[in-house]
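Me: I'm new to this one. Can you walk me through it?

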Amino acid sequence: MGIGEALSREFAERGHNLLLVARSGDKLMALAQELREERGVAVEICVEDLSDAESPARVYQFCRMRHITVDYLVNCAGLSHAGDFYEMPQGKLQEIMMVNMMAMAWLTRLFLSDMVERNKGVIINVASLGGLQGVPGLSLYSATKSFVITLSEALCVELKGKGIKVFAVCPGFVDTGFFGRTGHNDANIRLPISGIDVVVKAVIKGLAKNRILIFPTLLDTVLAFSQRAVSRKTAIRLAGFFAAVKDDSMK
Ligand SMILES: NC(=O)c1ccc[n+]([C@@H]2O[C@H](COP(=O)([O-])OP(=O)(O)OC[C@H]3O[C@@H](n4cnc5c(N)ncnc54)[C@H](OP(=O)(O)O)[C@@H]3O)[C@@H](O)[C@H]2O)c1
């Protein structure tokens, strides 16, 4: 769904063969069928729950068994949970950390070793503007996205000279229904909500310009850089105000 589906369409349009991973086999099958028929690319699907610690290894094994070489790894699957951290159920905490961080890091590690061997590869990690600082009301989510940004930045430099590029995409709010699914009333959000196409275009442009951090809109860029002009505490309070998970977010 969402950004991952839109990126799949864009990469198919550009002639890339795809391997799609998610839990919903029916949606994957429908998308794969459409892309094969309309774009003429080869599309495989791998139904996996990335909150399962063994799933990244199974995805990697799936590729090895079918002799699939992954040139572009897009870590996009992610989830959030809005509200007070002290009330978050343990299962939700675990699921968020497993999908947003563990699966992303382990998939990167597994496919990266082959990329290093081939001296070629691109890793696109979908982070968030919320990962630039803590976001009150989305505390665990923002922390997981900080992890994604930090790991991507470090790898980008660590892999210099090895023919591999690493990117972290940092969108603000995007119209996918994502936050609605987390218990976050997106009608309260105090920032414009961008279309998915804006994110896709920014990813393509960011790849061409070789930027580590990709900010899809001008406002995302302004918010990211204006952080440097205010104290850390103000940046965090403003992030909470914009996200507006709670009405008292500026108190
Ligand atoms: N939308 C926004 O406002 C926004 C802003 C900044 C960053 N982001 C980031 O962008 C990424 C994509 O978000 P989105 O808005 O496109 O979300 P979305 O519409 O909810 O799509 C999430 C995708 O992740 C997959 N997924 C979720 N849990 C999974 C699991 N346990 N195992 C395998 N796949 C799983 C879902 O497929 P199944 O349910 O079928 O598994 C779905 O395809 C996320 O990392 C999110 O944090 C989103």
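Reply: Start with a definition of the residue classes. Ala, Val, Leu, Ile, Met, Phe, Trp, Tyr, Cys and Pro count as nonpolar, Asp, Glu, Lys and Arg as charged, and the others, Gly among them, as polar. One more thing: this is a predicted model.

Me: OK. What is the lining of the second largest cavity, by class?

Reply: Six nonpolar residues, one polar and one charged. The residues that line this cavity are L129, G172, F173, L191, P192, L219, D220 and L223.

Me: Where does G172 lie?

Reply: In the loop between strand 5 (164–169) and helix 6 (196–209).

Me: Is G172 buried or exposed?

Reply: Buried, because its relative accessible area is 18% and the cut-off for buried is under 20%.

Me: How many cavities of 30 Å³ or more are there?

Reply: Two. The largest cavity holds about 40 Å³ of space. Its lining includes N75, C76, K145 and V148. Helix 4 (90–118) and helix 5 each supply at least two residues of that lining. By class, the lining has five nonpolar, two polar and one charged residues.

Me: Switching to the ligand. How many residues surround it?

Reply: There are 27, and the closest are R23, S24, Y141, V174 and T176. By class, this shell has 15 nonpolar, seven polar and five charged residues. Helix 1 (2–13) and helix 5 (139–158) each give at least two residues to the shell.

Me: How much of the ligand's accessible area does the protein cover?

Reply: 95% of the 880 Å² that the ligand has on its own.

Me: And pockets? How much space lies in the second largest pocket?

Reply: About 340 Å³. It is lined by 23 residues, and L129, Q133, L223, A239 and F242 are the closest to its centre.

Me: Which helix gives the most to that pocket's lining?

Reply: Helix 8, with five residues. Helix 7 (218–226) supplies at least two. By class, the pocket lining has 17 nonpolar, six polar and no charged residues.

How values were computed. Residues are numbered from 1 along each chain as its sequence is written. This is a predicted model: local features need pLDDT of at least 70, side-chain atom pairs count only at pLDDT 80 or more; totals for chains, interfaces and linings use all residues. Side-chain values use heavy atoms; hydrogens and water are left out. A residue is near a molecule or strand if one of its heavy atoms lies within 4 Å of it. Accessible areas come from the Shrake-Rupley method with a 1.4 Å probe; for residues, only the protein chains shown count as cover. Helices (H or I, at least four residues) and strands (E, at least two) are DSSP runs, numbered from the N terminus. On a 1 Å grid over the protein atoms alone, a cavity is a set of points where a 1.4 Å probe fits but cannot get out, and a pocket is an open set with protein on both sides within 12 Å along at least five of seven lines; lining residues have an atom within 4 Å of a point. Grid points are joined across faces, edges and corners, and a volume is the space filled by probe spheres set on the points. Buried means under 20% relative accessible area, exposed over 50%, partly exposed in between (1.4 Å probe, protein chains only).
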